Amino acid sequence: GVFAHLEMLEARASAAAVKQEETELQEEKLARLKARVQELRLQRDELRAKVDLQQNRQLGKEGAVSDLAQPSARAVLEWKIKSVKAMLQIFYLTGISGKLTKRGVCFCISTAYEGAYLDSYHLDLCTKPEVQILRHSIPTFIPLERIAKKYLQTDIRRFLSVLSDHLNAYVGRRYQAEQLQEHFSDQIEGTLQRNSLCNLLVFNYNVSSKSKTFPFNVRLLYGDLCCSLPTEVIVSSTPNAPASLAETAAAHSEVFRRVALHKAFHSFRGAERSVA
Amino acid sequence: MDNSICRAYEDEIQSLEEEIKLLTEKYEDNQQESTFFSEEEILMSIKSLQTEFQGESEAHESPSDLKAQLESLETDLSFLMKFTGICFTSHSKKTMEKTRNRTVQKHRLSGNCHSLSFQLEFQLLEVQSKENVSAVVTDLSIIMESGEDSDVSKFVSSTEEHGNLLTFFRSLSSYAEWYEHRRCTFLHFK
C-alpha cells in the first residue's frame, strides 16, 4: 500500500544520499591529492632550480651570481660538526675507530677483504681502575680471553691489533668460501663443509679432462688463525681417475696454498678455457 | 575509474617526496663539500653565537648544544688520532652519485702516521640493503713520502691494485711504529 510505497521512496532517497556523500568524499579526496601533487611539484621544481644555480655557481658558469650572503655563525658550526663527523667515519675505514664513553672507550674493529668492508665488531672497555672488557660482540670462536690475558693490561694497542688480525683473517676466510659458493657453484659438488672459525674447509669439485669430469676432494686447514691462506692443503682424486690427473691435483694444491680460494677457481676456469 | 586516478596521484606523491628528499640531500652535500671554514672562523662563530643568543631557547639546538656537540666530537677525534697514531691533516669528499640505496663518494685524504706522511684518493661506494650498509673502496691511489724505498713502493702498488685500504692503514700503523722506534734508536746512538 501507501506505507510500503513511502518506505521504498525513503529507502531510495537514503541510498541516494549515501551515494551522494560518497561521491562528494571521493571528489574531496581527489582534490586534496591533486593539490598536494601540485604543491610537491612546485617544491621539487624550486629545489631543482636551486641545485642548478648552486652547480653553475661552482663551475663559474655564465649567469651565475656569486653568493654574497655571509653564512650565519650557526651555519658555520653546523658545517664544522658535519666535517668532524665525516672524519670520524673515515676512521672506520682504517680498521680501528671508536668513541669515548663515561667509563672508558668503546672501540669498533672493522674488517675488510681487499676493498670490500665486511663485519665490524665492538668492544666496550672501562679503563679505571684497570682495563676491563664490559661488553663485546666478538664471536665465541675467536680466542678473545687468551689475547686479552696476554695484552690487555700492558698494551691496549697491541691487544686491538692482534684481535683485529684474528677477526680480519676469519672474515677473509669466510668471504673466500662465500665467494666460491656464489660464483663457482657449478663446479662444486655437494656442500662446502666448514667450521664456524672457517679454518677447516672440506669440499668436492669437478675437474674436466678430455671431456670427462672427475671429482676432486679438497681439505684446507688454516693453521695460522691470523692468516687467510691455508697452511695445509690436501687435494685428492678418486682411485679410478686417470694418472694425468695426479699432476693436476698437485698443481691445484700449490695454487690453493698461494692464492685466495675464489681466485684459485677463477684461474682454473681461465686455464681450462685456454686449453680448450 | 576514480580509484585509479587516486592511486596515480598517490604514486606521484610518493615519487615526488623521494625526489625532494634526494634533491635536498644533494643541495646540502654540495654546500658542505664546497665550503671551507678556517679554525679562526669556527672560533669566532662559537663566540658570536654565545653572545647573540644568551639565554634564548630556540626550537632547534641551542648554541651551547652545538658547542658541546662539536667539543665531544673533536675529543673523540683527537683521542683516535693519538691512540692509533694516524693523524689526518685534511679531508675532502665529493658526492658523485646518490640514489635511494646507493651513494658514491670521491675522497681525498692526507695525513701522517708518526713521521710517515701519505696522500690518498679513493672512491667509496655504499649500498643500503635491508639489514645493513655495505661499503666498497675502488680506484685507490696512494702517494707516500718515502715512496723511493722499494719495499714501500711494492707495498703501495699491491695495496692500490686490490683496493686494500684497511690493510694499508693497519700496516702503516705497525710499520710507522717500527720506523719510529728504529729512528729513535739511531738517534740514541748518535
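1. Chain A has six helices and eight strands, where helices are DSSP runs of H or I with at least four residues, strands are E runs of at least two, and both are numbered from the N terminus. From the N terminus on, these elements follow the order α-α-β-β-β-β-α-α-β-β-β-β-α-α. The radius of gyration of chain A is 34 Å, well over the 19 Å that the globule rule gives for 276 residues, so chain A is more spread out than a compact globule. That radius is taken over C-alpha atoms, and the globule rule is 2.2 Å times the number of residues to the power 0.38.

2. A word on the basis of these values: this is a predicted model, in which local features need pLDDT of at least 70, side-chain atom pairs count only at pLDDT 80 or more, and totals for chains, interfaces and linings use all residues. Residues are numbered from 1 along each chain as its sequence is written, chains are lettered from A and ligands numbered from 1 in the order in which they are written, and side-chain values use heavy atoms, with hydrogens and water left out.

3. Taken along the principal axes, the C-alpha atoms of chain A fill a box of roughly 105 × 65 × 55 Å. Buried residues make up 40% of its 276 residues, with buried meaning under 20% relative accessible area, exposed over 50%, and partly exposed in between (1.4 Å probe, protein chains only). Among the contacts in chain A with a separation of 6 or more, 40% are accounted for by residues 24 or more positions apart, a contact being heavy atoms within 4.5 Å.

4. Chain A carries 37 positive and 30 negative side chains, and the centres of the two sets lie 7 Å apart. Here Lys and Arg count as positive and Asp and Glu as negative, while His and the chain ends are not counted, and each charge is placed at NZ of Lys, CZ of Arg, CG of Asp or CD of Glu.

5. In an unreviewed entry, UniProt lists residues 8-57 of chain A as "coiled-coil region"; UniProt positions are given in the numbering used here, feature names are shortened, and annotations may be inferred rather than shown by experiment. In the model this span is 100% helix and 0% strand, and its end C-alpha atoms lie 73 Å apart.

6. Gln176(A) is found in helix α4 (residues 156-183) of chain A and counts as buried, at 1% relative accessibility. Leaving aside residues up to four places away in sequence, Gln176(A) touches Tyr113(A), Tyr222(A), Ser228(A), Ala260(A), Leu261(A) and His262(A).

7. Some backbone details deserve a look, given that most residues other than glycine have a negative phi, and most peptide bonds are trans. The peptide bond from Lys128(A) to Pro129(A) is cis, with omega near 0 degrees, and Pro129(A) belongs to the loop between β3 (116-126) and β4 (132-136) of chain A. Glu114(A), although not a glycine, has a positive phi of about 50 degrees, and its place is in the loop between β2 (104-113) and β3 of chain A. In chain B, Asp139(B) also has a positive phi of about 50 degrees without being a glycine; Asp139(B) is in strand β4 (residues 133-144) and counts as exposed at 58% relative accessibility.

8. Chain B holds five helices and four strands, which run α-α-α-β-β-β-β-α-α from the N terminus on. Its radius of gyration is 23 Å, whereas a compact globule of 190 residues would have one near 16 Å. Of the 190 residues of chain B, 33% count as buried, and the mean positions of its 19 positive and 35 negative charges are 7 Å apart.

9. The UniProt annotation "coiled-coil region", again from an unreviewed entry, covers residues 6-33 of chain B, a span that is 100% helix and 0% strand with its end C-alpha atoms 40 Å apart. Helix α1 (residues 2-34) of chain B contains Asp29(B), which counts as buried at 19% relative accessibility and touches Thr95(B) and Lys98(B), not counting residues up to four places away in sequence. Asp11(B) is also found in helix α1 of chain B, but is partly exposed, with a relative accessible area of 49%.
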